[in-house]
Amino acid sequence: MIPETLKTSLQARVASAITAREAAVDVMKELQAHYGWLTDEAVQEAAALLGLSPLQVEELATFYEMIYRRPVGKKVIHVCDSISCWCADCDKIIQYLKDKLGVGLGGTTADGMFTLVPCCCMGMCGDSPAMSVGGVPYGRLTPELVDEILEAERHKP
Amino acid sequence: MPKLIIDDIPVEVAPGTSVLEAARSVGITIPHFCYHPALAIAAACRLCAVKLLDGPVKGIQMSCALPAQDGMVVSTTDPEALKMRALVIEWLMLNHPHDCPVCDEGGECLLQDFTIAGGHSRRRYQGKKRTFQNQYLGEGIHHEMNRCIECYRCVRFYRDYAGGTDFGVMGSAGRVYFGRFQEGPLESPFSGNLVDICPTGVFTDKTGRFRARYWDYQFAPSICQHCSVGCNTSPQNFQRETIKIVGRRNDQVNGWFICDRARFDKSYLNDPQRPREPRLDGATCGYDVAVDAAAKSIAEFVRKNGADKLALVGSTRLSLEGMILLAQLAEVAGGAKVCYFDDAGQQQGSLAAAKLLHEENAAYVKDIEQAQWISLHALDLMEEGPMLALAVRKAFLAGAQIFLVAGDMLPAMKVLPFKYTAVETLDQVPFEGGGKGVIICGAGSKDPDLLAEMASSGAKLVMLQPGPNGFAAALLAQQHAAVPLAELVAARQVQGVVCFEADVPEMLLSDLEVLANADWRRGAVEAKAPIFLPTTTWAESDGTAINYEGRAQRFERSRVAGLPLKGLDPKYYGSATEAVSLHPPRVHRKDVPGGAERDAWQVMAQLIERLGGEALEPFSGKWRALRNLDPEGEGVRIFEMGLGE
């Protein structure tokens with residue numbers, strides 16, 4: 001169940017859209033922020049708000065990589081494995097992240113702090129290899145820089 | 001009209017025709033998966049590659065998405081195109097399991113056919129295949145996602161064509177998954193078409209899995225007998241059992257698809273409890289003995305009470321042949337009454353519709369699809385003619401306005417695959433002079449004045465009949481001035497009845513003597529009839545049906561009558577003298593167990609002969625034109641033959 005205030009603001013968001021469907025991503029992101037991830041309940045709530053079937057919301061939810069349909073840690077690390085970053089040896093960075101965090105791709109650290117997922121291009125090819133942590137982009141990664149970033153992100157609110 | 005050359009064959013096609021269809025028109029099948037004539041173009045599978053050697057575009061192109069243009073020179077056999085198709089099929093097969101031997105689609109699988117056609121016979125890929133969890137999708141359809149080749153046919157049909165919202169495609173890239181949000185029965189009443197439309201075995205018919213292979217089936221062109229739309233089907237039979245029913249294309253009636261009732265509602269055909277033995281006074285007897293007894297009983301009754309006290313009762317379930325012979329039989333019996341309806345309201349509405357409709361005002365399916373407005377008059381479309389809902393949806397998607405007049409908001413209305421405006425009377429439907437409008441209503445139990453009012457609107461008309469062959473019943477009832485049984489009973493004009501596939505309610509029978517009953521299903525009549533004559537269903541007989549728009553369509557016997565071999569009672573093959581194991585059958589017999597059934601019209605013909613008459617070929621006189629109706633054709637609207645009013 002979402003609080004009434006959130007429900008009202010989402011209804012207003014849907015009402016201001018020309019077609020309800022175009023508000024779907026915003027609604028899903030808000031619900032995800034509320035629950036921590038987009039729960040089954042949240043999919044159905046989004047469907048009710050948008051006038052779509054739960055399946056139609058699920059189609060969108062599972063298409064976008066920043067909508068999480070499973071529980072994630074406090075901050076999600078999206079590390080790029082696409083072509084430009086691959087040329088800049090992102091494999092090394094990904095391996096370093098795996099070792100450092102002690103998780104595989106898709107895994108969440110034991111303390112619930114980070115979830116590591118690969119992603120396909122954030123438009124930071126000029127600063128490859130790149131990743132984002134909790135929505136903050138970082139480029140020109142080296143193992144040392146990764147250490148610093150993770151340490152800083154761990155203590156940031 | 002674009003002129004092009006395909007594999008050295010000059011082809012001329014209508015503008016907008018794809019190269020794939022142009023090739024098909026001269027007998028060249030270009031392999032394809034995602035392309036389906038009834039669906040929008042996706043160009044998702046990349047299998048239909050051809051090479052254009054000359055003309056406005058050159059090089060490798062997808063033939064399904066390429067409109068034929070003047071001057072094109074197309075090669076389907078160019079080495080480059082062949083190579084492309086071979087590689088495409090190989091990559092489509094990467095994740096496909098090697099499970100054909102345990103897949104129900106095996107033998108009728110487009111993927112098998114085109115894999116072979118594409119020349120892919122040896123797997124090079126050594127990696128892991130992606131796998132999925134299947135979902136429970138209800139009792140009709142089995143889900144096997146691992147077999148999916150991502151052609152998107154299912155979702156294009158289910159969502160775009162049929163308007164369902166509970167099935168779709170999730171995920172992205174190599175993880176796309178076709179299914180529901182949560183497990184559960186598919187909601188669309190057209191979900192069964194996923195079985196036909198999937199080019200491989202992701203969706204198979206759960207009601208007939210693992211019973212037989214395609215080459216084991218006996219087929220025949222058939223007509224669905226569930227409602228008066230008359231969709232074309234093809235029952236697949238194996239060892240006297242209807243295993244599956246699939247849709248058969250007829251662009252004038254159902255297009256490519258059928259509803260779930262037509263596909264899945266078939267257990268009554270195979271029911272071991274179906275009455276199959278002729279009976280006389282409760283005891284099983286030979287068929288001719290039963291016919292003799294029935295003829296004698298009719299003759300005696302007529303002698304004692306007069307022919308006008310006897311009614312021969314048919315129904316809208318009878319084939320047209322049966323309906324015609326019923327009237328002949330009544331005549332031979334000395335002028336007995338003949339009933340095609342038992343309910344007065346149904347006959348009145350049905351007859352009125354048959355009288356009102358003619359070639360100009362009876363809507364073709366195309367008229368519905370291309371209408372500017374459609375008015376549904378107090379009917380439950382999903383019950384009375386589900387396939388027409390898809391035609392209405394086409395019009396709706398093209399911008400037509402849909403109205404529901406005087407609807408009592410039946411619960412089923414909620415699942416209609418289009419939006420509509422509810423109004424109270426036809427006057428509130430805003431149209432001028434009818435132009436490109438269609439009124440759809442159920443004819444049964446409607447006031448003839450109301451139907452006439454609709455007809456006077458200038459719109460095209462769809463008047464759905466109260467039974468599968470209701471239009472024919474109306475024509476015959478009119479020709480022979482038939483009175484519904486309920487009226488005859490109320491006026492005490494009959495004392496005895498002979499029933500032919502008639503579902504007479506028990507209350508009508510209470511004061512009547514039932515001389516004989518011919519039917520393939522159980523009912524109230526059966527208990528009262530001393531003579532029982534088992535008849536064949538539409539699956540086991542040849543016949544003709546006339547649908548709601550007056551279209552006469554021939555269906556063919558798709559299998560012999562008799563009990564299905566599966567589950568056959570050992571009494572049919574065991575020896576009376578020695579105990580034998582149940583399998584295999586030890587005692588051979590020439591007759592088919594439970595196969596004594598005869599077509600209703602043949603039973604009537606035999607009765608006519610026993611009563612001293614001469615049974616005429618059903619299609620003689622004015623019906624003669626229906627003699628050579630092609631069961632694989634589109635049927636013929638009877639108005640064209642001057643058979644309508």
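**Briefing: chains A and B of a predicted model**

Of the 157 residues in chain A, 31% are classed as buried. The structure is a predicted model.

**Chain A**
- Chain A contains seven helices and four strands, arranged from the N terminus as α-α-α-α-β-α-α-β-β-β-α.
- Along the principal axes, the C-alpha atoms of chain A occupy a box of roughly 45 × 30 × 25 Å.
- Among contacts in chain A with a separation of 6 or more, 53% join residues 24 or more positions apart.

**Contact between the chains**
- Eight residues from chain A and ten residues from chain B form the contact.
- On the chain A side, these residues comprise three nonpolar, three polar and two charged.

**Annotated region of chain B**
- An unreviewed UniProt entry assigns the feature "domain: 4Fe-4S His(Cys)3-ligated-type" to residues 80-119 of chain B.
- Residues 80-119 of chain B are 52% helix and 0% strand, with the end C-alpha atoms 14 Å apart.

**Helix pair H8(B) and H19(B)**
- Helix H8 (residues 287-305) of chain B packs against helix H19 (residues 600-610) of chain B at an angle of about 55 degrees, and their axes are 9 Å apart.
- H8(B) is therefore oblique to H19(B), and the crossing is right-handed.
- H8(B) contributes Val291(B), Asp292(B), Ala294(B) and Ala295(B) to the contact, while H19(B) contributes Val603(B), Gln606(B), Leu607(B) and Arg610(B).
- By class, the contact of H8(B) with H19(B) involves five nonpolar, one polar and two charged residues.

Key: Residues numbered from 1 in each chain as written. Chains lettered and ligands numbered in written order. Predicted model: local features only at pLDDT ≥ 70, side-chain atom pairs only at ≥ 80, totals over all residues. UniProt positions renumbered as here; feature names shortened; annotations may be inferred. Helix = DSSP H or I, 4+ residues; strand = E, 2+ residues; numbered from the N terminus. Contact = placed C-beta atoms within 7 Å. Nonpolar A, V, L, I, M, F, W, Y, C, P; charged D, E, K, R; others polar. Axes fitted to C-alpha atoms, helices over the stretch in contact; angles between N-to-C directions. Parallel < 35°, antiparallel > 145°, perpendicular 65-115°, else oblique. Left-handed = near helix turned anticlockwise from the far one by under 90°. Buried ≥ 20, exposed ≤ 12 C-beta atoms within 10 Å, placed from the backbone.
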